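Subject: Structure for your review

Dear colleague,

Please find below the sequence and structure that I am handing over to you. My findings follow directly after them.

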Amino acid sequence: MKKPLIGAFCSLLLAGVTALTGATPALAAKAPVASSQATAVAAVDFAGTVALSNCSGSLIRLPASAATDPALILSNGHCLETGFPAAGQVLTNRSSSRTFSLLNSAGTKVATLRANKMVYGTMTDTDVSIYQLNTTYAAIKSSYGINPLTVAATHPVAGTAIKVVSGYWKRIYSCNADAFVYRLKEGAWTWKDSMRYTSSCNTIGGTSGSPVVDVATGQVVAVNNTGNEDGARCTDNNPCEVDQNGTVTVRQGINYAQQTYLIPGCFGTGNTLQLTKAGCALPKP
């Protein structure tokens with residue numbers, strides 16, 4: 001899991017802390033946004049990303065979110081302030097007052113946002129946490145000029161140009177979606193249909209929870225979560241790939257993300273979590 005580590009900090013100093021910047025989707029916090037609007041964006045920058053105390057994340061909206069809805073923050077399940085959820089555990093609607101540093105396009109902090117609820121968190125099948133804020137998209141836009149990132153509702157395709165945007169390090173990684181892994185195993189956890197990056201997305205500790213943005217659409221298609229650091233097989237910080245025949249492959253230095261296209265189908269009007277909604281495929285408690 002890509003949490004902040006002393007080694008990661010040292011490697012970042014050696015590499016330099018200058019971010020590789022692009023542009024950001026200027027998506028209005030209104031519902032819904034037509035796909036033709038979503039494709040008319042420039043390259044990806046830091047606007048709408050957040051820094052957590054231990055991870056990265058993003059201010060997100062769903063395709064049907066309204067400007068007056070309570071805003072949502074996306075990160076990893078292993079970034080929860082309560083610690084890693086156990087294998088098979090799904091947490092929903094827990095009280096939270098967690099804070100998030102909201103960044104503008106240049107990576108400068110413009111606000112501290114506060115949650116009133118951890119809506120959803122798990123490390124089962126995926127590695128996701130979603131927080132509800134005590135404010136709306138409209139209020140954030142009015143006060144800070146920042147729009148949320150839209151979560152795509154469709155499965156990305158291999159070869160897609162992507163950027164992994166870390167609010168924690170204020171660093172952007174550029175690569176492609178290399179392939180999708182049937183099962184990714186790391187320690188006690190197993191994730192399904194994980195996105196594998198090409199090697200140039202060499203993410204480090206602290207990039208956990210970073211949005212993975214499709215460069216062509218400006219939409220979030222995954223959330224960065226792990227990579228094989230030491231070449232070990234299926235251990236903590238060393239995930240392994242398992243195909244449908246049970247064959248295990250270890251790719252040292254390669255990193256992964258969990259797709260997010262299932263999230264929109266599990267939310268209803270007002271950004272309310274509805275795990276019983278027809279078609280919702282996120283893991284249930």
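A residue is called buried here when its relative accessible area is under 20%, and exposed when that value is over 50%. Please bear in mind that this is a predicted model.

By that cut-off, histidine 78 is buried, because its relative accessible area is 0%. The residue belongs to the loop between β3 (70-75) and β4 (90-95). Its side chain is joined to that of aspartate 127 by a polar contact of 2.7 Å. Histidine 78 also lies 6.7 Å from methionine 123, C-alpha to C-alpha, although 45 residues separate the two in sequence.

Is glutamate 186 buried or exposed? With 0% relative accessibility, glutamate 186 is under the 20% limit and therefore counts as buried. Glutamate 186 is part of strand β10, which covers residues 171-186. Two polar partners can be named for its side chain. One is the side chain of threonine 226, with which glutamate 186 makes a polar contact of 2.5 Å. The other is the backbone nitrogen of asparagine 237, which lies 2.7 Å from a polar atom of the glutamate 186 side chain. Leaving aside residues up to four places away in sequence, glutamate 186 touches Met1, Trp191, Thr226, Cys234, Thr235, Asp236, Asn237, Asn238 and Pro239.

I turn next to the largest pocket. It holds about 200 Å³ of space, and 13 residues line it. Nearest its centre are Asp125, Thr126, Lys192, Asp193 and Leu262. The elements that contribute two or more residues to this lining are β11 (189-197) and β16 (255-259). Sorted by class, the lining of the largest pocket comprises six nonpolar, four polar and three charged residues.

Finally, some figures for the protein as a whole. Its secondary structure consists of three helices and 18 strands. The protein has 285 residues, of which 53% count as buried. Among contacts with a separation of 6 or more, 67% are between residues 24 or more positions apart.

Yours sincerely

Technical notes. Residues numbered from 1 in each chain as written. Predicted model: local features only at pLDDT ≥ 70, side-chain atom pairs only at ≥ 80, totals over all residues. Heavy atoms only, no water. 1 Å grid on protein atoms, 1.4 Å probe; cavity = no way out; pocket = protein on both sides within 12 Å on 5 of 7 lines; lining within 4 Å. Points joined across faces, edges and corners; volume = space filled by probe spheres on them. Helix = DSSP H or I, 4+ residues; strand = E, 2+ residues; numbered from the N terminus. Nonpolar A, V, L, I, M, F, W, Y, C, P; charged D, E, K, R; others polar. Buried < 20%, exposed > 50% of the residue type's maximum accessible area, 1.4 Å probe, protein only. Polar contact = N/O pair within 3.5 Å; in protein donor to acceptor, adjacent residues only side chain to side chain. Contact = heavy atoms within 4.5 Å.
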